[in-house]
Amino acid sequence: MKKLILLTVILLNYLQIFGQTIINSTLTPNHQEVRGSKVSMIPPQGFVVATTFLGFQEAKTKSSILVLDVPKSFTEISSGLTIESLFKQGVRVEQSVDITLNGVPALFIKGEQTVAEILFRKYILVLGTDKETLIINAIAPISELMLDEMIKNAILSTIYDTTKVLSPLDSVDFQINTSGTNYVFAKLMPNMLIYNVDGKMPSESKDKESFVVAKGFSKAPITDTKAFAINRIKTLPVQIQKIYSVLPIQINGLNGFEIYAEGVNRKTGVKEQAYQVLLYANDSYYILFGSAQNNFKNNLAVFKKLVKSFTLK
């Protein structure tokens, strides 16, 4: 009830000025920060922090609120979100309104979209500056009338901190410690961090050594964890030709398997040696993968040191 009252206060604080809606809201104890973003909002009741994207989700109804940060100006992004362009993406727009949210220019879109033969209500909130744009997508089955209003209220409770400085490492729920090694952060990909010794992609180092830490998800229960780890290494950038050993391992309370192998780089065909540790955590798993073309003995020692430093946040 407290959350509902706070949200009502926020949503009643609308002013119509020259045809544009101005929404002013303040940060409340019920706001939750979206990890790895500059956004906080009051998620709908029953929604939890999403595991595969930035935002919140409600698995039973397949409802979600997804936050995307685009390094382009608000004017450029918002001008491209026309009724016609969204229709080509399968979104039937019912309403598109310019608003101002806490002093930041924004675009609020209401529509419908069919996904996997289910008709969803879709709300899009676009807001930003001349340097970046946040796109918040919210969907719920159109048959869920209460959820419809809840996700709308949630995204309109958004607080956007334009002054917040983000680290790429903030967007993941794991970390490693590179102290005492020559490894540096090189690139961020969804649920993945890539490290190497020169910070360049691709690396220009002699050994072409790299270390990747990633989070994965399995739709089906993993019954044979050892076989899964072996199959997983066969899908990575090194085309595995020989597996030397598969051994059980435990890192900071997580169990899994470490694998020593060799193969060739899928792009260049150059021989590489590889070391993978796969750790299991509930319905997800973590892959720590190191590879090098030369000097593998010394590189392996570094890979193992990085693996031992792995922790969940």
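How many aromatic pairs does the structure hold? The structure holds 11 of them, where a pair means Phe, Tyr or Trp rings (the six-membered ring for Trp) with centres within 6.5 Å; planes under 30 degrees apart count as stacked, over 60 as edge-to-face and the rest as tilted.

## Ground rules

This is a predicted model, so to speak of local features we need pLDDT of at least 70, and side-chain atom pairs count only at pLDDT 80 or more, while totals for chains, interfaces and linings use all residues. Residues are numbered from 1 along each chain as its sequence is written, and side-chain values use heavy atoms, with hydrogens and water left out.

(Helices are DSSP runs of H or I with at least four residues, strands are runs of E with at least two, and both are numbered from the N terminus.) Tyr183 and Phe303 are both buried; buried means under 20% relative accessible area, exposed over 50%, and partly exposed in between, with a 1.4 Å probe and protein chains only. Ring pairs also join Tyr183, Phe211, Phe296 and Phe303 into a cluster.

Phe185 and Tyr195 make another edge-to-face pair, with 6.0 Å between centres and 75° between planes. Phe185 is in strand β14 and Tyr195 in strand β15 (residues 192-196), 10 residues apart. Phe185 is partly exposed at 30% relative accessible area, whereas Tyr195 is buried at 4%.

Strands β14 and β15 run antiparallel and are paired over five bridges; DSSP has to find at least two bridges between strands for them to pair. They form a hairpin with two residues between them, and Asn191 in the turn has a positive phi of about 60°. Met189 has Met192 in β15 as its bridge partner.

Leu169 lies in the loop between β12 and β13 and is partly exposed at 32%.

## A three-stranded sheet

Elsewhere, three strands build an open antiparallel sheet in the order β3-β4-β12. The edges are β3 (32-33) and β12 (159-160), each with a single partner strand, so one side of each has no neighbour in the sheet. Two bridges hold β3 to antiparallel strand β4 (residues 39-41), and Glu33 has Ser40 in β4 as its bridge partner.

Helix α4 (residues 145-156) has 12 residues and spans 17 Å from first C-alpha to last, close to the expected 16 Å, which is 1.5 Å times one less than the number of residues. Its buried residues are Leu147, Asp148, Ile151, Asn153, Ala154, Ile155 and Leu156.

Lys60, in the loop between β6 (55-58) and β7 (63-70), is exposed at 78% relative accessibility. The C-alpha atoms of Lys60 and Asp98 are 32 Å apart, with 38 residues separating the two along the chain.
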